[in-house]
Structures are given as C-alpha cells and as structure tokens.
Amino acid sequence: MAEVLVLAEHTGGEVKKVTCELLTAAARLGEPAVVWAGPGAEQGRARLAEYGAARVYVADSADFDGYVVAPKAELLARLVAEKAPAAVLVAGTTEGKEIAGRLAVKTGSGVLTDVIDVTAGPDGAPVAAHANFGGSISVHATVAAGTPILAVRPNAVSAEPAPGPAELVPVAFTASDAAKTATVTEHVVAQKGERPDLTEAQIVVSGGRGTGSADGFTIIEQLADALGAAVGASRAVTDAGWYPHAFQVGQTGKTVSPQLYVAVGISGAIQHRAGMQTSKTIIAINKDPEAPIFEIADYGIVGDLFKVVPQLIDEIAKHKQL
Ligand SMILES: Cc1cc2nc3c(=O)[nH]c(=O)nc-3n(C[C@H](O)[C@H](O)[C@H](O)COP(=O)(O)OP(=O)(O)OC[C@H]3O[C@@H](n4cnc5c(N)ncnc54)[C@H](O)[C@@H]3O)c2cc1C
C-alpha cells in the first residue's frame, strides 16, 4: 500500500489535534506516514501511534525554527521524490496552506486547499470535499497532475484512534540557501489564557455588533467560559476594536469547524458564514427573527442577547452542579 505523508503540526513534543485528524484522513487513502520537522518526535510518538502512524520521518534540524516555512516545503519535496507517496496532507492553517502551495510548485503537483472531507475515489486517488460561496455550493475535486497535496481544515475530519507502530525513521536534512532567504528574528509566545485555541476548539462562542461595545462583549467571554469554549468575533467587532483581530471568524479571519458554534448578536453575513458554516451544530441568538444567521442555524433563539445569555449561563452553572 502506498504511503500518504502527513506533515505533523506540533509544539515541541506536543502533537496538535489536527495532526490526528490528518492521520485518520490519510488512512482512507493509504498507509499514514508522518513527517516531523524539528525536535520532540520521541515525546509525540505515542500520540501518533494511537492515531495510526505507520512510521514517522524525523528531520530534527534547527533550520525549521530559524527560517519561516520554506525548509518544511523543501523537506516534503525531498520525501515526495524519494517515497512517491499517494498524497500529502497538511493542516489547512495559514502556515500549512503556504507550505502546500510551495510544495505544489516544487513537485509540479496539484494542490487543494480548504478541504473539509477526504475520501478515496474509485481509482483510490483522493477526492476532496469543499464548501464554497458561504456553504451554498458543495464541490468535490481531484488532483490531475503530480502528487495530490491537500490542506485539510482543522476540525473538519473527526480523529479516530487506530493503533500503528509509529516507527521513528531519522532523516538527515539541511535547508538549501534558497530556503533561508526569510529569517525568523524573534519568537513571541502568544498570551494563552485558559481558553482553547480558536481553530482547534470543540465549542466556539462568537459575538457580533449586537453586543454593542467592548464592555458588552465581555458577556461573550462569560458564556464561552461557562461552556469551556473559545471566543470568536465578527469583523464588525474586531474593526470597532472591541476584540482583537486574531479572534475574527470569517472570510478575512479564521476558519473554524467546531462541534458547536454559538453566534450571538451576529447577523450572518456571507463573509462571516464562510468561516463557520461547516460547524457541526450552530446555535444563533439574535433579536431579529429575519437575521440571515437563522437560515443556517440548527437552533435559534430570538431575543435580546443581554437577557438570553445570562439565563443560559445560569442554566449551565446549574447543570454543572447536578
Ligand atoms: C471583503 C470583506 C470581507 C469580510 N470579512 C469578514 C469576516 O472575515 N468576518 C466577518 O464577520 N465579517 C466580514 N466582513 C463583514 C461582513 O460583511 C459583515 O459586515 C459583518 O460580518 C457584520 O458583523 P455583525 O454580524 O457582527 O454585525 P451586523 O451585521 O451589524 O449584525 C448585528 C446583529 O446583531 C443583532 N442584534 C443587535 N442587538 C442585539 C441584541 N441586543 N440582542 C440580540 N441580537 C442583537 C442584530 O439584529 C444584527 O443581526 C467582510 C466584508 C467584506 C466586504
């Protein structure tokens, strides 16, 4: 069975959830083999084994930390030439998509981004599902040239445990001079609170202009904390400076696909939907019964968010005490 390369997303030895999701998708196409760039593979190995990695190509080089994304694309291109995999899967993050694009150019291959599901076609080749134009059109696409490269959105595929040996295979790697033209000059670890990462969270609570102000927006944080959720925001909120741009969901913000998305005081403009409409369950709270968000909501509450949300928080607290 041909290998399917999965580029691991990790922080040191901590494997990100999206990597497990990619392993599950890869197993549908062939034998999952992880490509691990940088240190930490020994610590990450157990989790990779739990989700079905047959082997882990470990390139423990300092070049990955020092030079933006080009060395990772170079490493993948080399492994594509050596291993002739059936496909390469990367996370559909900003970095992952850039790596996918660079790898496609290097290998003369087709690339599919914003993939929300992966299946094997009749010939075994990957078929990628996309939701386009705010989810109004579903598209299935295949790659017609080279090695299929797919950037799969975090949270789109459910990770399923499937034990594998995760044999560690060292790979000697030094980035070329061409891959070192953009240098990382400083790493600043983002202030991470208790809340989960927005793109990886199982539950996201997002607030819109309906919250009225930066002060009003704190009610979104309170509901998120009650649910153990990440906080998101519409562009109206981030443009107004009520919440940082890093939390914007939508076409020009983050793409999320949680189990549960709660849209509070958000109208549901197509640009917002583009970033959240693949969420598994959507709840909308809006005082306007005609708000477009209700068209895609599984559950809707028509009401003033400042009356509805405190009641919700109370009920959640009572439920936790049971
Ligand atoms: C090129 C481009 C890119 C864009 N990218 C993005 C993007 O990435 N993300 C994004 O979000 N937008 C994006 N936008 C903007 C988008 O078109 C909308 O303007 C924006 O999403 C509106 O945000 P909103 O729903 O919070 O505000 P509004 O559209 O003003 O909606 C506010 C909602 O709150 C409700 N409301 C008001 N008060 C209350 C209350 N007390 N209780 C309950 N409900 C209440 C109202 O009924 C209304 O439905 C983009 C636009 C363009 C042109």
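Select the shell around the ligand: its residues divide into 5 nonpolar, 14 polar and 5 charged. Here Ala, Val, Leu, Ile, Met, Phe, Trp, Tyr, Cys and Pro count as nonpolar, Asp, Glu, Lys and Arg as charged, and the others, Gly among them, as polar.

This is a predicted model: local features need pLDDT of at least 70, side-chain atom pairs count only at pLDDT 80 or more, and totals for chains, interfaces and linings use all residues. Numbering starts from 1 along each chain as its sequence is written, and side-chain values use heavy atoms, with hydrogens and water left out.

Next, pick Arg209, Ser234, Thr252, Ser267 and Asn286. Of the 24 residues around the ligand, these come nearest (near: a heavy atom within 4 Å).

Now show polar contacts (N or O pairs within 3.5 Å).

- Arg235: a backbone N or O atom lies 2.9 Å from a ligand oxygen.
- Asp304: a polar side-chain atom lies 3.0 Å from a ligand nitrogen.
- Leu305: a backbone N or O atom lies 2.8 Å from a ligand nitrogen.

Color the shell by element. Helix 7 (235-239) and helix 8 (270-273) are the elements that give two or more residues to it (helices are DSSP runs, H or I, of at least four residues; strands are E runs of at least two).

Move to the strands. Strand 15 (residues 260-264) runs parallel to strand 16 (residues 281-286), joined by 5 bridges (pairing takes at least two DSSP bridges). Select Leu260: its bridge partner in strand 16 is Thr281. Strand 16 also runs parallel to strand 17 (residues 299-302), with 4 bridges. End at Asn286, which stands opposite Val302 in strand 17.

Notes: Polar contact = N/O pair within 3.5 Å; in protein donor to acceptor, adjacent residues only side chain to side chain.
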